[in-house]
Amino acid sequence: MQDGGTNKVGDRGALAEKQGALVAAKKRRAEMLVDEARKRVERNPTDLQFRFELGENLMNAGHFREALPELQRARQNPNARLRAMNALGRCYRELSMFDLAAKQLEEAAREIGTMDATKKEIVYNLGLVYEQMGDREKSLGCMKQIYEADYGYKDVATRVESSYARN
C-alpha cells in the first residue's frame, strides 16, 4: 500500500516548481515589453500613447517609481488619460503613497459619468486604497457603487455582503 502523503508532497513540489517557472516567464515577458516600449519612446519621444504604454509596462514589470513620470506625461493624452490616471493610482498605492493614489483615482472616477468597465476598475482600486488607509467606510462605499451596477465584479459581492454580516 502506498503512502498518500508522499505523493502529495511530490505534487506540491512539482506545482511550486511550475509556478516558479511561470513567474519567471512572466517577468521575462514584462521586461521584453518594457524594452520594446522604451525603443518606441526613443524613436518618438513626444508620442504620449507610447509614453503610456511604457509606463503601463513598467508598472506591470514592478518598476512603479520608474513608471510615474511616463504615466504623468501620458495623462495629457485624451485617449489614454483615464487609464494613465488609474495606473498612476496603482503605482502610488504600491509605493505606499496612499493620499496621492486616492487623489488620482478620485479625480479619474469623477471624470466618468457611467459605471463602465474603466470606472469599475478605477473605483475598485480607489476602494483598495481607502482600505489600506484604514478608512473602511469609504472603501465599502466604493465597493457598494460597483455592487449596485455589477454584482459579479471581482470580489465586490463578498466584500459588500460580508459587511452586512458583521453588523
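Helices, here, are DSSP runs of at least four residues, numbered from the N terminus. On that basis, lysine 154 lies in the loop between H7 and H8. The structure is a predicted model. Its largest nonpolar core has 42 residues, and the helix pairs H2 with H3, H4 with H5 and H5 with H6 are each roughly antiparallel.

**The nonpolar core**

- Leu71, Cys91, Tyr124 and Val156 are the residues with the most contacts inside the largest nonpolar core, which has 42 residues.
- At least two residues of this core come from each of the helices H1 (4-43), H2, H3, H4 (81-94), H5 (98-110), H6 (117-133), H7 (136-149) and H8 (156-166).
- H6 gives the largest share of the core, seven residues.
- Beyond its neighbours within four places in sequence, valine 156 is in contact with Tyr124, Met143, Ile146 and Tyr147.

**Packing of H2 and H3**

- Two packed helices are described by the angle between their axes and the distance between the axes.
- For helix H2 (residues 48-60) and helix H3 (residues 64-74), the angle is about 155° and the axes are 8 Å apart.
- Angles over 145 degrees count as roughly antiparallel, and H2 and H3 are therefore roughly antiparallel to each other.
- The crossing in which H2 passes H3 is left-handed.
- On the H2 side, the contact is made by Leu48, Arg51, Phe52, Leu54, Gly55, Glu56, Leu58 and Met59; on the H3 side, it is made by Phe64, Glu66, Ala67, Glu70, Leu71, Arg73 and Ala74.
- By class, the residues of the contact of H2 with H3 are nine nonpolar, one polar and five charged.

**Glutamate 70 in H3**

- Glutamate 70 is part of helix H3.
- The relative accessibility of glutamate 70 is 13%, and this residue therefore counts as buried, the cut-off being under 20%.
- Apart from residues up to four places away in sequence, glutamate 70 touches Arg51, Leu54, Gly55 and Leu58.
- Glutamate 70 and glutamate 56 are 14 residues apart along the chain, and their C-alpha atoms are separated by 8.5 Å.

**Packing of H4 and H5**

- The axes of H4 and H5 cross at roughly 160° and come within 8 Å.
- That angle makes H4 roughly antiparallel to H5.
- H4 passes H5 in a crossing that is left-handed.
- Arg81, Leu82, Met85, Asn86, Leu88, Gly89, Tyr92 and Arg93 are the H4 residues of the contact, and they meet Phe98, Leu100, Ala101, Gln104, Leu105, Glu107 and Ala108 in H5.
- The contact of H4 with H5 comprises nine nonpolar, three polar and three charged residues.

**Glutamate 107 in H5**

- Glutamate 107 is located in helix H5.
- With a relative accessible area of 28%, glutamate 107 is partly exposed.
- The C-alpha atoms of glutamate 107 and leucine 82 are 9.2 Å apart in space, while the two residues are 25 residues apart in sequence.

**Packing of H5 and H6**

- H5 and H6 pack with their axes 9 Å apart, at an angle of about 155°.
- H5 and H6 are therefore roughly antiparallel to each other.
- A left-handed crossing takes H5 past H6.
- The residues of the contact of H5 with H6 are 12 nonpolar, two polar and three charged.

**Loop residues with positive phi**

- Most residues other than glycine have a negative phi.
- Serine 96, in the loop between H4 and H5, has a positive phi, near 60°.
- Lysine 154, in the loop between H7 and H8, is not a glycine but has a positive phi of about 40°.
- Lysine 154 has a relative accessible area of 52% and is therefore exposed, the cut-off being over 50%.

**Leucine 15 in H1**

- Leucine 15 belongs to helix H1.
- At 48% relative accessibility, leucine 15 counts as partly exposed.
- The C-alpha atoms of leucine 15 and alanine 102 are separated by 38 Å, and the residues are 87 residues apart along the chain.

Technical notes
Residues numbered from 1 in each chain as written. Predicted model: local features only at pLDDT ≥ 70, side-chain atom pairs only at ≥ 80, totals over all residues. Heavy atoms only, no water. Axes fitted to C-alpha atoms, helices over the stretch in contact; angles between N-to-C directions. Parallel < 35°, antiparallel > 145°, perpendicular 65-115°, else oblique. Left-handed = near helix turned anticlockwise from the far one by under 90°. Contact = heavy atoms within 4.5 Å. Nonpolar A, V, L, I, M, F, W, Y, C, P; charged D, E, K, R; others polar. Core = buried A, V, L, I, M, F, W, Y, C linked by side-chain atoms within 4.5 Å. Buried < 20%, exposed > 50% of the residue type's maximum accessible area, 1.4 Å probe, protein only.
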